Amino acid sequence: MTGRRKVQPEDAQSSAQWVRAVSEVALLSILGERPHYGLEILDRLRSEAALQIAEGTIYPLLHRLERAGLVSAEWSISEAERPRKYYALTPAGARELEAQLREWGRLSRRLEAFLGRMAG
Amino acid sequence: MSEAGDQRAIAGWLRRFKWSLGGMPSPEREDLVAEVRAHLDERIAAGVGVTEALNGFGTPEAYARNFVEQMELARALTGGRFPSLLGAVARRVHRSAVAAAAFIAVLLLAGLAGGICVTAAVKLVDPVHAGLWFGEGGLYFGREQEPGRMRELLGPWIFPLAPVSVALAWVLARLVLISSLQAVRSSR
């Protein structure tokens, strides 16, 4: 039989873990540009990083990073726009982003080299 | 759904969400509710249906659990108090192998220290039969019916050893609990 293999629960779990790990570095990168609010981060993660993360996933992640001191949050309330809570990188968050990008680069170079060897 | 129905659905979801965040400090709870409300309002204003917008968050109870658990973990790790650490690990035993292993390790340490203390207490009233025994039956703390066939290794040293074992077990158990909670937190 050549049908597509049914997605197993462990596949979904492993995929969720992968998305979680990538989401964190992608989120920190977005905040590295300028402060963003939750919905804006979510839309950018989906459209620019192609991360299909669930709507509500963003706030537990942001709050965890806030508790860890990597991001800070502040409400912006003005007549011009809706009330929004903006998140910004803290100095510790900037250092963490740098470390995660370094690690990400190292891993992707090794994986690329490995796949190149396998293909060639 | 009518606009009034939409508002009722959102208000109902947010009410259940707020109620499920019951263990959190009030300002933090209000802040979370306001943030989710702002998110939902903005999505709906952009044309997303209420049901679809709410479905993205799941049930309010499950969604609130994310934040309550984060707070509980942070509190236990920041406070470092043994009962909070043990409670936080115990509540995760059924869904985390790390927490289950840590919990078993703590039980073993408590059992060992408790066994030494009980043996020391028994030795006060029955010095001949109680102690750390070694021989055919292996090595164990406790009461030996036939002390002649085994060797008692500690003698009176069991009395100072009892409080030392309690202190050591407490320190080791605390380390195990903290490490396991840190591992659980980093895996979230």
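Helices (H or I, at least four residues) and strands (E, at least two) are DSSP runs, numbered here from the N terminus. With that in hand, let us walk through the structure. The model is a predicted one, in which local features need pLDDT of at least 70, side-chain atom pairs count only at pLDDT 80 or more, and totals for chains, interfaces and linings use all residues. Residues are numbered from 1 along each chain as its sequence is written, while chains are lettered from A and ligands numbered from 1 in the order in which they are written.

A50(A) sits between helix 2 (38–47) and helix 3 of that chain. This residue has a positive phi of about 55°, although it is not a glycine. Is A50(A) buried or exposed? A residue counts as buried if 20 or more other C-beta atoms lie within 10 Å of its own, as exposed if 12 or fewer do, and as partly exposed in between, with C-beta atoms placed from the backbone. A50(A) has 9 other C-beta atoms within 10 Å, so it is exposed.

Now step back to chain A as a whole. Chain A has 4 helices and 3 strands, and from the N terminus on they follow the pattern α-β-α-α-β-β-α. Of its 120 residues, 24% count as buried. Two residues are in contact if their C-beta atoms, placed from the backbone, lie within 7 Å. Among the contacts in chain A with a separation of 6 or more, 48% are between residues 24 or more positions apart.

The strands of chain A come together in an open sheet of 3 strands, with the order 1-3-2 and antiparallel pairing. Strand 1 (36–37) and strand 2 (71–76) of chain A each have a single partner strand and stand at the edges, so one side of each is left without a neighbour in the sheet. Two strands are taken to pair if DSSP finds at least two bridges between them. Strand 2 of chain A pairs with strand 3 (residues 84–89) of chain A over 6 bridges, in the antiparallel sense. You can find E74(A) opposite Y86(A) of strand 3. Helix 3 (residues 58–67) of chain A packs on this sheet, touching strand 2 and strand 3, and its direction makes about 120° with that of strand 2. For such angles, axes are lines fitted to C-alpha atoms, for helices over the stretch in contact, and the angles run from 0 to 180 degrees between N-to-C directions.

Next comes the meeting of the two chains. Here 15 residues of chain B are in contact with 14 residues of chain A. On the chain B side, helix 2 (26–45) and helix 4 (60–79) each supply at least two residues, and helix 2 of chain B gives the most, with 6 residues. That side divides into 6 nonpolar, 5 polar and 4 charged residues, where Ala, Val, Leu, Ile, Met, Phe, Trp, Tyr, Cys and Pro count as nonpolar, Asp, Glu, Lys and Arg as charged, and the others, Gly among them, as polar.

Helix 3 of chain A takes part here too: it packs with helix 4 of chain B at an angle of about 15°, with their axes 10 Å apart. That makes helix 3 of chain A roughly parallel to helix 4 of chain B (under 35 degrees is roughly parallel, over 145 roughly antiparallel, 65 to 115 roughly perpendicular and the rest oblique). P60(A), H63(A), R64(A) and R67(A) meet N66(B), F67(B), Q70(B) and A74(B).

Within chain B, the axes of helix 5 (residues 82–90) and helix 6 (residues 97–125) come within 9 Å and cross at roughly 130°. These two helices of chain B are therefore oblique to each other. L86(B), V89(B) and A90(B) of helix 5 touch A99(B), A102(B), F103(B) and V106(B) of helix 6. This contact is made up of 7 nonpolar residues, with no polar and no charged ones.

Chain B also has a hairpin, which joins strand 1 to strand 2 through 2 residues. Strand 1 (residues 130–135) and strand 2 (residues 138–143) of chain B run antiparallel, joined by 6 bridges. G131(B) has G142(B) as its bridge partner. Finally, G47(B) lies in the loop between helix 2 and helix 3 (50–55) of chain B. G47(B) and G135(B) are 88 residues apart in sequence and 79 Å apart in space, C-alpha to C-alpha.
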